[in-house]
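The tour goes from a pocket to a sheet and then to the helices beside it.

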Amino acid sequence: MDFRDLIWNRRSFRQFSDREIAPDDVVNILQAALISPSSMNRRSWHFVVVDDRADLEKLSDAKEHGAKLIEGAAMAVVVAVNETTNSCWVEDASIAAVSMQYAAAEQGIGSCWVEMRNRYLADGSDAEEVVRGILDIPEDMRILCVVAFGYPGEEKPRHHEEELKWEQVHIGKFGVPIE
């Protein structure tokens with residue numbers, strides 16, 4: 001599939017089938033993250049691959065809303081960075097996470113980004129702390145997100161031209177629309 005088809009077809013999936021992801025496909029997903037662009041080529045991110053059912057279930061409870069889908073995934077990848085070594089850690093980790101999602105989609109594997117940074121449980125517990133505790137991630141590491149992966153357990157249509165908000169594109173200066 002060429003990149004244009006890939007961007008029009010990639011969707012976020014919150015339901016996954018029971019099918020396991022082949023080891024070679026996992027390697028391809030991780031290669032996309034490891035080769036992704038980063039500020040000053042620091043590549044200071046770390047990725048924790050989780051496929052243990054018990055740990056996936058625990059991760060699904062790491063924040064109040066939007067994480068339950070993790071328990072149904074074949075695997076998840078936690079994206080972490082030591083923020084003291086990289087002032088662009090959010091940007092670099094985001095690029096790596098999205099690169100994994102496109103690599104997965106190219107292989108027919110669905111994914112969904114689950115934000116952990118600045119997210120909490122109802123009791124005020126920090127989602128990053130919860131994830132650190134589950135996976136023994138050092139305290140100096142920030143957790144941007146958990147990306148859940150699996151073969152889609154639902155069907156979603158490709159994106160359509162009508163979804164594009166061209167009114168949000170400005171040419172030269174804000175308020176100057178595309179003609």
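A pocket, as the word is used here, is an open set of points on a 1 Å grid over the protein atoms alone, with protein on both sides within 12 Å along at least five of seven lines. In this predicted model, the largest pocket has a volume of about 190 Å³. Select N9, R10, F13, A105 and G108, which are the closest to its centre of the 15 residues that line the largest pocket. Then colour α1 (3-9) and β3 (110-115), the elements that give two or more residues to that lining. By residue class, the lining divides into seven nonpolar, four polar and four charged residues.

Next, select the strands. Which order do they take in the open sheet? The four strands run β1-β2-β4-β3, with antiparallel pairing. Because β1 (45-50) and β3 stand at the edges with a single partner strand each, one side of each is left without a neighbour in the sheet. Neighbouring strands of this sheet are turned by 20 degrees against each other on average, direction ignored.

Now zoom in on β2 (residues 75-81) and β4 (residues 142-150), whose antiparallel pairing extends over seven bridges. Within this view, pick V81, which stands opposite R142 in β4.

Finally, bring back the helices. Helix α2 (residues 23-34) lies across β1, β2 and β4, and runs at about 165 degrees to β1. Select helix α4 (residues 89-106) as well: α4 packs on the sheet and touches β1, β2, β3 and β4, while its direction makes about 5 degrees with that of β4.

Note on methods
Residues are numbered from 1 along each chain as its sequence is written. This is a predicted model: local features need pLDDT of at least 70, side-chain atom pairs count only at pLDDT 80 or more; totals for chains, interfaces and linings use all residues. Side-chain values use heavy atoms; hydrogens and water are left out. On a 1 Å grid over the protein atoms alone, a cavity is a set of points where a 1.4 Å probe fits but cannot get out, and a pocket is an open set with protein on both sides within 12 Å along at least five of seven lines; lining residues have an atom within 4 Å of a point. Grid points are joined across faces, edges and corners, and a volume is the space filled by probe spheres set on the points. Ala, Val, Leu, Ile, Met, Phe, Trp, Tyr, Cys and Pro count as nonpolar, Asp, Glu, Lys and Arg as charged, and the others, Gly among them, as polar. Two strands pair if DSSP finds at least two bridges between them. Axes are lines fitted to C-alpha atoms, for helices over the stretch in contact, and angles run from 0 to 180 degrees between N-to-C directions. Contact means heavy atoms within 4.5 Å.
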